[in-house]
Structures are given as structure tokens and as C-alpha cells.
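Please keep the sequence and the model at hand while reading.

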Amino acid sequence: MTPWLTVVGIGEDGWAGLGEAARQALGEATRIIGGDRQLALLPDHLQGLGECWPKPFSLEPVLSGRGSPLCVLASGDPMFYGIGATLARQLDAHEMRVFSAPSSVSLGAARLGWELQETEVLSLVARPLAALSAKISPGVRLLILSNDGTSPTQVAQLLTNRGFGASRLTALEHLGGARERRLDCLAADWSFDVIADLNLLAVECVADSNAQRLPLTPGLADQLYRHDGQLTKRDVRALTLARLAPMPGELLWDVGAGCGSIGIEWMRAHASCRAIAVEADAGRQAHIEHNRDALGVPALRLVAGRAPEALAGLPEPDAIFIGGGVTVPGVMEQCWASLKPGGRLLANAVTLQSEALLMSWRERIGGELTRISVAHAQPLGGFDTWRGALPITLLQVEKPR
């Protein structure tokens, strides 16, 4: 089939930077849809009628003309955080063709002499700044697509607050165009108030002596969480995540989430992992909101409500963790019924009553029961002794496919 939609990536160098095929497509188009800045880069002699995207943004002008030839303008590489990727989720591959220009990330890596495959890339365009927290680590290089001219200042402040004020920042404005400019500074000293909205920020993370370091493995230190005592402790949390076994793109229900630690560390396992935390207590909901931002997973979804009622209508999960409310009538039944075939369920019990419930469920659906006991050395007079935490019983079961 002949594609009816042509997506053309255009850089700051405008018409002069386009290839012959992209120029021909634009020259033959009767409709050209794009942003104000992109349309202004086109020459006046084109026959196509320029149309700006509607506000608020919508794909309707493109999708309503499905089958009729038209062009869409994009910045740089349309398939890299661009409109091309958005359209590709709505259309079949044979319906469109794409002409790419170099992305700002490619241009930035070229200016800095950085190996792109060794560099973390993050977009803050219409995304929360808190997502950056999961990427900050000593020695890491970041290329950040800024949301606007205030993004570099916000990033510098976040780095400084995390104890990475010695990190080297480079703001690259209008890459590839006549107005290209470079600004360099340490995060703690950042003082550039006026930055172009169209900018790419490069960060070389350097830790101060007081830096807060977040490891990639499960089992973050307990003191990193804000909680009221309702917290799956570090050692049990690490074992729980290992048994839940997060895989890219999978969804977890964290039921009776407390401070949200299991859902948070599930999402930290991979950038595409998703989690829904279900919590009825308003104070703990506030803790979850704080913790998810502080630990770099602002996309964690919080459902304010009590299971099992709050579980109705939620997306089907790949895994479920029940940390609180095991004995609440209907919770185990609803979770087991909602779990995908092949999905994993893990439930923790501390009391005799909840442990007995897990044992009865094991008789019904199978699975593996494990008891965990952790003790820490603590002072006893002039000596040390072991102080044990309450033992925890785990039921781990996989739903038949």
C-alpha cells in the first residue's frame, strides 16, 4: 500500500537541512500539519496549506483525514520522543513513512564527544522532574530533553539537594541552528536564569561526600522511606522483590501498600515496570506520594481506597503483593480472580490468624510457604545480643496458565 501520511523531521537548520526526498514530500503536500516553530522554518513557495496543531493537543486533524495524503512536521527525529512515535501507536506501519533529521540527543553527544550508547537519556517534556531521581548515580552521564527554559535550574536544584552539587552541567540551546549556544556550570553554582525553551541539558553526575546514593538492587535502606511504622523492612523487602520477579513492562498491584515500598522498588527494577498502590489510610497515602517522587518513580499510580472494593476495574496485573489486609474478607479471592494466568501472587503474614489463612489458601491453590526470621545485633548492657524482628510467613504461588 502507498503510505498516505509522511512525517518529516526538521531541525533548527530548517529547509536547508532536509534531504531531497523530504523536500519533495513537502513540495507535493496539500496539507502540512505542525507546530508554529516548525512551520515557520518552511519556505513560502510551498503549495501546501500549513495547519497548526490544535490546543489542547489532539491527533484528530491527522486521524480524521486518514487515507488522504498529508504531511506532518516534527522536530529532529520523529521516532525519538516525537510525534512519529505517537502516530505509530495509532496507525499501521504501511500507512506512513518517516524522514528523520538528527535528534537533539545525537547532536548533543556530537558536541560533547560523548558515546551515545554509554549515556542515559531522559525526557522531561510534559513529564515530572521527580523521574530524574532514579537516574542520578556517581559517574553517570545524562542527556535530558528539557521541558522549557526553567528545566536546567530545576535539575541543578534537585542535584544539589541530593548531594550531587559538584555535577557538571551543560545547557545546549537551539542545536544545529544559527542561534546555537552552550552554557557550562556546576549544579551548585547554576545561575543562568534565562535559557531558551528549546534546550538539551547534559549532566555528568559527581557525588559530594554527603550524597544520597540509591542502589539499583531491591532492598533500599529503611530510612529512605517516610512511613508510620507500616513498612516492609529492608531484608524482607529484598526477598519479596526477588520472589515477585519483576519483568519489563509488567504491572504489579501493591495491596495494602503502607508506604508503597514494594510498588516503588518494583518500578525501580526497570523503566517500563508499572505499579498500582492501593491504600485506604490518608496519612499513608501522603507517604506513598512523597516516597514515589523522592525515589524516582512518580508514575506509580495511587488508588485511595480499601481492598477488595478498590480493586474493581483496575487493569489486570502480572503480579500481586498483599502486605496488609490478608484477613479482610474477599481480598484474597478478588486478587486471585484478577491475576493474569501465569501471574505471581505473594502474600505476607505476621499474625497467627493471617498465617492460618495463608495455610488454608495453600491447600486450595497450591504454592510455597516460607517463614523468614531476621535478627540484628544490638547492645545488652556492656555486651551485644541478637534482637529478632517478628517472623514473617510468605505464600508464593503462580496462577496456572
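Among contacts in the protein chain between residues at least 6 apart in sequence, what percentage join residues at least 24 apart? The share is 64%, where contact means heavy atoms within 4.5 Å.

This is a predicted model, in which local features need pLDDT of at least 70 and side-chain atom pairs count only at pLDDT 80 or more, while totals for chains, interfaces and linings use all residues. Residues are numbered from 1 along each chain as its sequence is written, and side-chain values use heavy atoms, with hydrogens and water left out.

**Overall build**

The C-alpha atoms of the protein chain fill a box of roughly 85 × 55 × 35 Å along the principal axes. Of its 401 residues, 47% count as buried, a term that stands for under 20% relative accessible area, with exposed over 50% and partly exposed in between (1.4 Å probe, protein chains only). The chain has eleven helices and 19 strands; helices (H or I, at least four residues) and strands (E, at least two) are DSSP runs numbered from the N terminus. It is divided into domain 1 (5-101), domain 2 (105-205) and domain 3 (222-399), with bounds that come from an automatic or database domain assignment. The centres of domain 1 and domain 2, taken over C-alpha atoms, are separated by 27 Å, and five residues of domain 1 are in contact with eleven residues of domain 2.

| Strands | Sense | Bridges |
|---|---|---|
| β1 and β4 (residues 70-75) | parallel | six bridges |
| β1 and β5 (residues 96-99) | parallel | four bridges |
| β11 (residues 251-255) and β14 (residues 319-322) | parallel | four bridges |

Within these pairs, Thr6 stands opposite Cys71 in β4, Val7 stands opposite Val98 in β5, and Val255 stands opposite Ile322 in β14.

**The seven-stranded sheet**

Seven strands form an open sheet of mixed pairing in the order β13-β12-β11-β14-β15-β19-β16. Because β13 (301-304) and β16 (368-372) stand at the edges, each with a single partner strand, one side of each is left without a neighbour in the sheet. Neighbouring strands of this sheet are turned by 15° against each other on average, direction ignored; axes here are lines fitted to C-alpha atoms, for helices over the stretch in contact, and angles run from 0 to 180 degrees between N-to-C directions. Helix α9 lies across β12 (274-279) and β13, running at about 175° to β13. Helix α11 (residues 352-365) also packs on the sheet, touching β15 (344-349), β16 and β19 (392-398), and its direction makes about 20° with that of β19.

Leaving aside neighbours within four places in sequence, Thr370 is in contact with Arg243, Ile392, Thr393 and Leu394.

Arg292 belongs to helix α9 (residues 282-294). Arg292 is buried yet has no salt bridge, the nearest side chain of opposite charge, Asp293, being 4.1 Å away; a salt bridge is a side-chain nitrogen of Lys or Arg within 4 Å of a carboxyl oxygen of Asp or Glu. For charge, Lys and Arg count as positive and Asp and Glu as negative, whereas His and the chain ends are not counted.

Methods
Pairing = 2+ DSSP bridges.
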